[in-house]
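User: I would like to go through the aromatic residues here. Could you show me the model, please?
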Amino acid sequence: MFAWMLLPLFVALILPETSDCASHPWHLLILSQQWPQTVCLMASEACKVPRAVDYWTVHGLWPKRAQMCNNSWHFDIKNVEDILSDMEQYWPDVIHPNSTQLWKHEWQKHGTCAATLETLDSQEKYFSKALDLYRNLDLNSVLQKSNIFPSSKYYMVEQIENALVSVLGATPKIQCMFPTKGVSVQTLGQIEFCFTKEFQLLNCTEGVPNVHISREGVQHNTYSEYAVCDRSMQVSYPPIEHLY
């Protein structure tokens, strides 16, 4: 009898920690892209973006309402060696010269939950799929084709949204950094696209976590400096100030 009582404990000790994922169900994915200059502004007034980065970059691929599904499954840079150059180019940490900590954070918090899908069940699959979705959306080109460029010009949220919907056929979630006291213009910071588990675009109609870049450059999902842009307020799309 005593041996049977110990059996569940024994099984828990010898099996890898994979069951956590089952307790974090999710039904859609969010691909988040961020504008480097706004990330930089939120991190530090003196921040400069690396010279090679002059386009929207990947922030993350997030299963909705599921986080930290397997704390024992650690990120290993060796698992993404084949796609490392693409990650460095399109998924950089624009605040720090080494992006490894950003990737580690994204995998630990979001990738371990995404891994419940067979198509995302390894670190290489997860990061590769995020990059594929990013390239297929081609956000930079879509905005440019609608004459929406980083400049001193101001836009309305509706202009940006219409440009994206007309090409992509789905409504994204457009997020801004709200103005400080005395300023009447919000700053375009992040655009999120929603996908089914089969990677079909959906309208982003439900709330998603706001994201804040702290003054130390650490990313959190518990702050609110990014929020859905105010449709009645003008939007600044600031040119990138590069680090030379």
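**Aromatic residues**

Analyst: Trp 91 and Tyr 126 are both buried, meaning under 20% relative accessible area, with exposed over 50% and partly exposed in between (1.4 Å probe, protein chains only). This is a predicted model, in which local features need pLDDT of at least 70, side-chain atom pairs count only at pLDDT 80 or more, and totals for chains, interfaces and linings use all residues. Residues are numbered from 1 along each chain as its sequence is written, and side-chain values use heavy atoms, with hydrogens and water left out.

User: What sort of aromatic pair do Trp 107 and Tyr 126 form?

Analyst: Trp 107 and Tyr 126 form an edge-to-face pair, 5.6 Å centre to centre with 70° between the planes. Rings of Phe, Tyr and Trp (its six-membered ring) pair if their centres lie within 6.5 Å; planes under 30 degrees apart are stacked, over 60 edge-to-face and the rest tilted.

User: Why does that pair tie together separate parts?

Analyst: Trp 107 lies in helix 4 and Tyr 126 in helix 5, so the pair links parts 19 residues apart in sequence. Helices (H or I, at least four residues) are DSSP runs, numbered from the N terminus.

User: Is Trp 107 buried or exposed?

Analyst: Trp 107 is buried, with a relative accessible area of 0%.

User: New topic: which ring does Lys 129 lie over?

Analyst: Lys 129 lies over the face of Phe 199, at 4.4 Å from the ring centre. Such a charge has NZ of Lys or CZ of Arg within 6 Å of the ring centre and within 35 degrees of the ring normal. Lys 197 lies over the face of Trp 26, at 4.8 Å from the ring centre.

Technical notes
Helix = DSSP H or I, 4+ residues; strand = E, 2+ residues; numbered from the N terminus.
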